[in-house]
Amino acid sequence: MWDELQLLFVWAPVINIQLILEGIFVGAIFALSAYGLALVWGVMNIKNLAQGDFVIAGGYMAFWLNSLGLPLPLILPIVLVSMFFYGWLVYLLVIRRILDQDMFVSLLATFGLSLLMQQVINRIFGPEVQTVDMQLPVFDAFDNMVTIPSSKLIALGLAAIIAIAVVLFMKKSRTGQAIRATAQDPRAARVLGINIDRVYAFTFAFNSALCGAAGVLVSIIFVIQPFYGITYSMGSFAIVTAAGLGNLPAVIISAFGIGLFTKYCGFFESALEYAAPVAVLITVLLWRQITMSRNRQAVR
Amino acid sequence: MTNAIITVNNVSKSFGGVNANVDIDMQVESGSITGIIGPNGCGKTTLFNSIVGYHPIDNGSIKFEGQEISKLRVGEIARLGMLRTFQQTRIYPKMDCVDNMQISISHRLDSKSSIFASRRGEIRDRAEHLLEFVGLYSKRNLISGDLSFGQQKLLELAMALMNEPKALLLDEPTAGINPTLINGLIDRLRRANEDLGITLCVIEHNMRVIMNLASHIYCLSNGYMLANGKPTDLQNDQRVIDAYLGGH
Amino acid sequence: MTTNINLPIYATLAVIGILGPIFFPAYTLSIAFLWVMVIMASTWDALGGQMGYNSLGNITFFGIGMYVSAIVQVSFFYEGGVGEYTSAMGSIKPEFTDAEYFIGLFLGILAAGIVGLVISILFSSFMFGLRGPYFAIGSLGLAIAAAEITITIDYVGGPSGILMPLFPGDIEFRSTFFYSICFLLAIASHILLRWLFSTQFGLAANAIRDDEDKAEAMGIQTLSYKRISWGIAAFFMGCTGAVVGNMIGFIDKEVAYPIPTFGIFMVAAALLGGKGTLWGPVLGAIIFHIIKDAAWTLLLGFQWIVLGIILIVNIVYFQQGIMGWLQVKFPERFGIVIDTSTTLVDSQRGDDAR
């Protein structure tokens, strides 16, 4: 611990730059996945515990397409579209049946879905850790102390583009407006002629595509493994709990915060990188409880 | 008033920019029936919620039997002996009526042994007696969620009485109740007050009911305490009439 | 339910429990895990089904109990303590006399339960300030955190785990011995829960499930009730963890914190049987265990996928469970009275109390 601290602040402060950059990369992925979680939660009141597994599924899809020799500009749209249809299918088979049920049913059903997806991926691709090598140049800075693969910069740029596209879509398009109307009052939306079922299906499929995009980025800049999904789920839940539903700037700030925290934890003890999002989640829940109890309320 | 059981002093509460209660002063005399009236949205239910601890108040003090309760939580206030019923009736919908009653016994003196007490005997007798009192005896074994809204309202009242509170705050007890039953309900409330010695504080829109029932009435308007006095005084108070007829 | 239904159920369970291992000795440990599932599902139900606090993290206490019993069993009669034992990576094999082993085991199981109970009480104020989805996710987070913290503690072997003390006696006696403990624990938990939910406690639990705000407004000390339910679950999960750890003989993170397996199986079993009922979790645990074992033998390789599908189908299409379904089908058998005389006319004449 002391050694690492010395390394960070005395011997090689530039390592901080590396960690901060890595944290921003992780944060961008968390932000996409958390935004999707908040969207589904807010619109149809489904808490999707399989969120991280959708990310991993997207990652494996990219991994498979890459092994076929496809370039990134083709991989991303293919993953987006196929994850969209996968999400639609999951909605029809599972989510649609649990819409009116109490919240635990949705948690448990999506947890079951998470297990199933892990196992299927494990069955197809095996339990090994994988990554997609785009064979892009790597930049060095500060006497090789900081390395920035250009794939990560591309990924960050893509994340920003996707985020902006999503925001514009939600604000400007008819479908986006229908989704926001349904989130506020499903009954009123139905009276105004919005097909609620389609809006729900679209929202879930949209979330799935968003996760798929995040997964592509994960597979390019980090590693994927069939059982890594839960980390992203926990991180997304922490972000949404801290930022609230439908507050995009707060989601982005929390996402970068959790990304940085994860990376710094990983620097001190590599085993902690996996546990960090869970620790953040528990801390956020504790903090929310203290603020709520000042209002004589419980966290619900 | 000398013998106040609930004393509300200078209480304010706002939600965002809306001043729901401003500098409210109110006293409920022990053993009395006190009414609160006012147009919709004037802050009656907010005042109730402040008294029983649903949200923090911005300033002021609320005392129950001389004890400051504005910082306590709902359960603690209930265990001091002050209960409220809800405007939207709340019962335990998947349990039958007798079970609803049996779990509503007073928890003021709860000890570890009463948690594990048997369900039979005296508690059950009292539960059935009170169900009889509100006229639900024949429905005692039904799942309470299957009862009609009015019946649920009566069940909620019976549950509150089962608890033997010192003070009971009723939020629109006659709303949604068949007009022919209202007289019976007034009668029961009065008997609960006289025979069981429970202080009642009632929010009510039905003027006939509240004028019949209460001995002292407070009138709220736009979050302010507009007037208070005996029912006959208020009936002739020009400010009250204005408030109800849309003065502002 | 009335006693005339209970008697045959008890008789059947006793037959399975006593004659099962005698006639099918090869399946003794499998039936032992059946009782483990029964304990898990019924104690989960005490909080999840009866009170509506759906925990996804009861498995935390299972793992903690496993490690606690390992520490107690090893260090009670072995001078060097657990630290030395684990760092030696199994090269030290302390010899225990029979008496030492069994006393250590007994104390280990007891300590596991008590530590579980204490930890549940320590965390209860935090956990029960959370409602609904936050409680479920928070408890899941607790389990994951416990697992991750455990592997960073070198004292208990870190990621490489602990080898449990060797059982003195032949393998058949070993199976029968651990089987009996599981069976007895299942009986004990059942008797405790059966009594508990026949008292005022059961009503309060259901009241909290139906409308916690109302229960609080009526002055019920909701936190005490929740603590008791969770504490019972924690105690039994701790004891069970201790027994299972010894039964398997080796513990590490995967064995001690099986979040994706037992952690979710117990919930699925309780749902399958029907949550919030006395027999539902027991029935569900038995059926689930049989399906699980069948999937393992018949569909090896695809067993996890099959289980995942069963889980989702169970939750999505059959969430009221077997007991819930029976209650709707034959309400009078369960003492539920349906008022057929008035419900028809009630809607027409409006609200009426007489």
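Leaving aside neighbours within four places in sequence, M37(C) is in contact (C-beta atoms, placed from the backbone, within 7 Å) with F265(C), M266(C), A269(C), A285(C), F288(C) and H289(C). This is a predicted model, in which local features need pLDDT of at least 70 and side-chain atom pairs count only at pLDDT 80 or more, while totals for chains, interfaces and linings use all residues. Residues are numbered from 1 along each chain as its sequence is written, and chains are lettered from A in the order in which they are written.

Of its 281 residues, A158(B), M37(C) and C182(C) touch the most other members. Helix 9 (residues 196-221) of chain A gives the most to this core, 17 residues; helices here are DSSP runs of H or I, at least four residues, and strands are runs of E, at least two, numbered from the N terminus.

Chains A and C meet through 36 residues of chain A and 30 residues of chain C. On the chain A side, helix 5 (103-125), helix 10 (229-243) and helix 12 (272-294) give two or more residues each. Helix 5 of chain A has the largest share, 14 residues.

Chain B holds an open sheet of four strands in the order 2-1-4-5, with antiparallel pairing, where a pair needs at least two DSSP bridges. Its edge strands are strand 2 (18-29) and strand 5 (67-68) of chain B. Two bridges join strand 4 (residues 59-64) of chain B to strand 5 of chain B, and K63(B) has E68(B) as its bridge partner in strand 5.

Conventions:
Core = buried A, V, L, I, M, F, W, Y, C linked by C-beta atoms within 7 Å. Buried ≥ 20, exposed ≤ 12 C-beta atoms within 10 Å, placed from the backbone. Contact = placed C-beta atoms within 7 Å.
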